[in-house]
Amino acid sequence: MVAFSLNGREVELEVDPETPLLWVLRDHLQLTGTRFGCGMGLCGACTVHLDGAAIRSCSTPLSMVAGRRVTTIEGLGGSHPLQHAWVEHNVPQCGYCQSGQIMSAAALLATNPQPDEESIRQAMSGNLCRCGTYHKVQQAILSAAAVAHWQPAAEDAS
Ligand code: FES
Ligand code: FES
(Lines give C-alpha, C1' and ligand atoms only; values in the text may rest on other atoms or scores of the structure.)
(Ligands and ions follow the chains in the order given, each with its own letter.)
Protein backbone atom coordinates (compact mmCIF):
# COMPACT_ATOMS: atom_id res chain seq x y z
CA MET A 1 0.00 0.00 0.00
CA VAL A 2 1.37 3.41 -0.99
CA ALA A 3 -0.28 6.56 0.38
CA PHE A 4 0.32 10.12 -0.74
CA SER A 5 -1.44 13.44 -1.27
CA LEU A 6 -2.66 14.02 -4.81
CA ASN A 7 -4.04 17.43 -5.75
CA GLY A 8 -5.01 17.97 -2.12
CA ARG A 9 -6.67 14.57 -1.61
CA GLU A 10 -5.20 11.62 0.26
CA VAL A 11 -4.92 8.51 -1.91
CA GLU A 12 -3.93 4.96 -1.03
CA LEU A 13 -3.07 2.47 -3.75
CA GLU A 14 -2.32 -1.24 -3.93
CA VAL A 15 0.13 -0.90 -6.80
CA ASP A 16 3.68 -2.21 -7.26
CA PRO A 17 5.81 0.53 -5.65
CA GLU A 18 8.24 0.37 -8.57
CA THR A 19 5.53 1.41 -11.04
CA PRO A 20 6.38 4.78 -12.62
CA LEU A 21 4.20 7.56 -11.19
CA LEU A 22 3.12 8.49 -14.72
CA TRP A 23 1.36 5.15 -15.21
CA VAL A 24 -0.21 5.35 -11.77
CA LEU A 25 -1.64 8.76 -12.62
CA ARG A 26 -2.87 7.83 -16.08
CA ASP A 27 -3.91 4.18 -15.71
CA HIS A 28 -4.90 3.83 -12.08
CA LEU A 29 -6.22 7.30 -11.33
CA GLN A 30 -7.42 8.35 -14.83
CA LEU A 31 -5.57 11.67 -14.64
CA THR A 32 -4.63 11.81 -18.30
CA GLY A 33 -3.55 15.44 -18.41
CA THR A 34 0.00 14.27 -17.67
CA ARG A 35 1.49 13.01 -20.92
CA PHE A 36 3.80 10.21 -21.97
CA GLY A 37 6.51 11.41 -24.33
CA CYS A 38 9.85 9.63 -24.16
CA GLY A 39 9.48 7.59 -20.98
CA MET A 40 13.14 8.26 -20.22
CA GLY A 41 13.17 11.58 -18.40
CA LEU A 42 14.27 13.45 -21.52
CA CYS A 43 11.31 15.43 -22.87
CA GLY A 44 9.38 16.88 -19.91
CA ALA A 45 5.92 15.93 -21.19
CA CYS A 46 5.23 14.02 -17.96
CA THR A 47 6.18 16.83 -15.56
CA VAL A 48 4.29 17.04 -12.26
CA HIS A 49 5.14 18.57 -8.89
CA LEU A 50 6.49 16.62 -5.93
CA ASP A 51 6.34 18.79 -2.81
CA GLY A 52 6.18 21.76 -5.16
CA ALA A 53 9.23 20.88 -7.28
CA ALA A 54 9.01 19.83 -10.93
CA ILE A 55 9.80 16.16 -11.47
CA ARG A 56 9.51 13.72 -14.38
CA SER A 57 6.77 11.28 -13.45
CA CYS A 58 7.91 8.73 -16.08
CA SER A 59 11.14 8.12 -14.20
CA THR A 60 9.80 8.48 -10.64
CA PRO A 61 8.73 5.23 -8.98
CA LEU A 62 5.55 5.32 -6.94
CA SER A 63 7.56 4.44 -3.82
CA MET A 64 9.31 7.82 -4.02
CA VAL A 65 6.07 9.80 -3.51
CA ALA A 66 4.91 7.93 -0.39
CA GLY A 67 3.84 10.42 2.27
CA ARG A 68 4.51 13.39 -0.03
CA ARG A 69 2.48 15.90 -2.06
CA VAL A 70 1.95 15.36 -5.77
CA THR A 71 0.30 18.00 -7.94
CA THR A 72 -0.70 17.37 -11.56
CA ILE A 73 -2.02 19.74 -14.21
CA GLU A 74 -5.53 18.89 -12.96
CA GLY A 75 -4.50 20.26 -9.56
CA LEU A 76 -3.93 23.74 -10.97
CA GLY A 77 -7.69 23.98 -11.31
CA GLY A 78 -7.87 25.93 -14.56
CA SER A 79 -7.54 29.38 -13.00
CA HIS A 80 -3.81 29.52 -12.39
CA PRO A 81 -2.29 32.76 -13.77
CA LEU A 82 -0.15 30.68 -16.10
CA GLN A 83 -3.23 29.04 -17.57
CA HIS A 84 -4.77 32.47 -18.23
CA ALA A 85 -1.49 33.63 -19.77
CA TRP A 86 -1.36 30.50 -21.95
CA VAL A 87 -4.77 31.38 -23.36
CA GLU A 88 -3.90 35.07 -23.75
CA HIS A 89 -0.76 34.20 -25.73
CA ASN A 90 -2.41 31.35 -27.62
CA VAL A 91 0.60 29.17 -26.75
CA PRO A 92 -0.34 25.58 -27.72
CA GLN A 93 -0.01 24.17 -31.21
CA CYS A 94 -0.71 20.42 -31.08
CA GLY A 95 -0.83 20.73 -27.28
CA TYR A 96 0.97 17.50 -26.50
CA CYS A 97 3.81 18.99 -24.45
CA GLN A 98 1.80 21.79 -22.88
CA SER A 99 0.75 20.33 -19.53
CA GLY A 100 4.40 19.56 -18.84
CA GLN A 101 5.40 23.05 -19.91
CA ILE A 102 2.87 24.64 -17.56
CA MET A 103 3.88 22.45 -14.63
CA SER A 104 7.56 23.34 -15.07
CA ALA A 105 6.64 27.01 -15.34
CA ALA A 106 4.46 26.83 -12.21
CA ALA A 107 7.33 25.30 -10.22
CA LEU A 108 9.62 28.06 -11.47
CA LEU A 109 7.27 30.87 -10.44
CA ALA A 110 6.73 29.28 -7.02
CA THR A 111 10.42 29.76 -6.23
CA ASN A 112 11.19 32.74 -8.48
CA PRO A 113 8.07 34.91 -8.97
CA GLN A 114 9.91 37.42 -11.18
CA PRO A 115 12.20 35.37 -13.42
CA ASP A 116 14.21 37.02 -16.17
CA GLU A 117 14.42 35.52 -19.66
CA GLU A 118 17.59 33.57 -18.89
CA SER A 119 16.07 32.06 -15.73
CA ILE A 120 13.03 31.00 -17.75
CA ARG A 121 15.21 29.48 -20.46
CA GLN A 122 17.15 27.46 -17.90
CA ALA A 123 14.07 26.31 -15.97
CA MET A 124 12.27 25.28 -19.15
CA SER A 125 15.23 23.73 -20.97
CA GLY A 126 14.09 20.19 -20.15
CA ASN A 127 10.66 20.66 -21.71
CA LEU A 128 10.80 19.89 -25.41
CA CYS A 129 8.19 21.05 -27.93
CA ARG A 130 8.15 19.56 -31.41
CA CYS A 131 5.89 22.43 -32.50
CA GLY A 132 8.41 25.08 -31.46
CA THR A 133 6.24 27.06 -29.05
CA TYR A 134 9.27 28.11 -27.00
CA HIS A 135 8.94 31.85 -27.61
CA LYS A 136 5.23 31.90 -26.75
CA VAL A 137 5.91 29.83 -23.63
CA GLN A 138 8.45 32.39 -22.51
CA GLN A 139 6.11 35.31 -23.22
CA ALA A 140 3.28 33.63 -21.30
CA ILE A 141 5.52 33.02 -18.27
CA LEU A 142 6.60 36.67 -18.28
CA SER A 143 2.92 37.72 -18.45
CA ALA A 144 1.96 35.48 -15.55
CA ALA A 145 4.89 36.77 -13.51
CA ALA A 146 3.67 40.31 -14.09
CA VAL A 147 0.33 39.59 -12.40
CA ALA A 148 0.53 41.63 -9.21
CA HIS A 149 -1.10 39.17 -6.86
CA TRP A 150 0.46 36.03 -8.18
CA GLN A 151 0.20 33.07 -5.78
CA PRO A 152 1.61 29.53 -5.98
CA ALA A 153 -0.84 26.80 -7.00
CA ALA A 154 -3.19 26.19 -4.09
CA GLU A 155 -2.19 22.54 -3.85
CA ASP A 156 1.51 23.39 -3.81
CA ALA A 157 1.05 26.00 -1.11
CA SER A 158 -0.78 23.64 1.25
S1 FES B 1 7.84 11.19 -20.78
FE2 FES B 1 8.87 11.75 -18.97
S3 FES B 1 10.48 13.05 -19.61
FE4 FES B 1 9.58 12.31 -21.46
S1 FES C 1 2.64 22.19 -28.77
FE2 FES C 1 3.04 20.43 -29.99
S3 FES C 1 4.68 19.45 -28.97
FE4 FES C 1 4.50 21.35 -27.96
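The legends below describe close-up views of a predicted model.

Local features are given for residues with pLDDT of at least 70 and side-chain atom pairs at pLDDT 80 or more, while totals for chains, interfaces and linings use all residues. Residues are numbered from 1 along each chain as its sequence is written, and side-chain values use heavy atoms, with hydrogens and water left out.

View 1. Strands (E, at least two residues) and helices (H or I, at least four) are DSSP runs, numbered from the N terminus. Two strands are taken as paired if DSSP finds at least two bridges between them. S1 covers residues 2-6 and S2 residues 9-13; the two run antiparallel and are joined by five bridges. Val2 has Leu13 of S2 as its bridge partner. Two residues separate the strands of this hairpin, and Asn7 takes a positive phi near 50° there. S1 also runs parallel to S5, with two bridges between them. Here Ser5 has Arg69 as its bridge partner. Four of the five residues of S1 are buried, so the strand is largely enclosed by the rest of the structure. Buried means under 20% relative accessible area, exposed over 50%, and partly exposed in between, with a 1.4 Å probe and protein chains only.

**View 2. The aromatic pair Trp23 and Phe36.** Rings of Phe, Tyr and Trp (its six-membered ring) pair if their centres lie within 6.5 Å; planes under 30 degrees apart count as stacked, over 60 as edge-to-face and the rest as tilted. The whole structure holds one aromatic pair by this search. Trp23 and Phe36 form this tilted pair, at 5.2 Å centre to centre and with 40° between the planes. Trp23 belongs to helix H1 (residues 21-28) and Phe36 to the loop between H1 and S3, 13 residues apart. Trp23 is partly exposed at 31% relative accessible area, and Phe36 is partly exposed at 33%.

**View 3. The salt bridge Asp51 to Arg68.** A salt bridge is a side-chain nitrogen of Lys or Arg within 4 Å of a carboxyl oxygen of Asp or Glu. The count by this rule is two. In the bridge between Asp51 and Arg68, the closest N and O atoms are 2.9 Å apart. Asp51 is in the loop between strands S3 (47-50) and S4 (53-56) and Arg68 in the loop between S4 and S5 (69-71), so the pair ties together parts 17 residues apart in sequence. Asp51 is partly exposed at 34% relative accessibility, as is Arg68 at 31%.

**View 4. The salt bridge Glu118 to Arg121.** The closest N and O atoms of Glu118 and Arg121 are 3.3 Å apart. Both residues lie in helix H4 (residues 117-124), three residues apart, about one turn of the helix. Relative accessible area is 38% for Glu118, which is partly exposed, and 45% for Arg121, also partly exposed.

**View 5. Helix H2 and its packing.** H2 spans residues 81-88, and its buried residues are Pro81, Leu82, Gln83, Ala85 and Trp86. They pack against helices H3 (98-111) and H5 (134-145), where contact means heavy atoms within 4.5 Å. Asn90 follows H2 and has a positive phi near 50°.

**View 6. Thr133 and its contacts.** Thr133 is in the loop between H4 and H5. At 4% relative accessibility, Thr133 is buried. Leaving aside residues up to four places away in sequence, Thr133 touches Val91, Gln93 and Gln98.

Key: Chains are lettered from A and ligands numbered from 1 in the order in which they are written.
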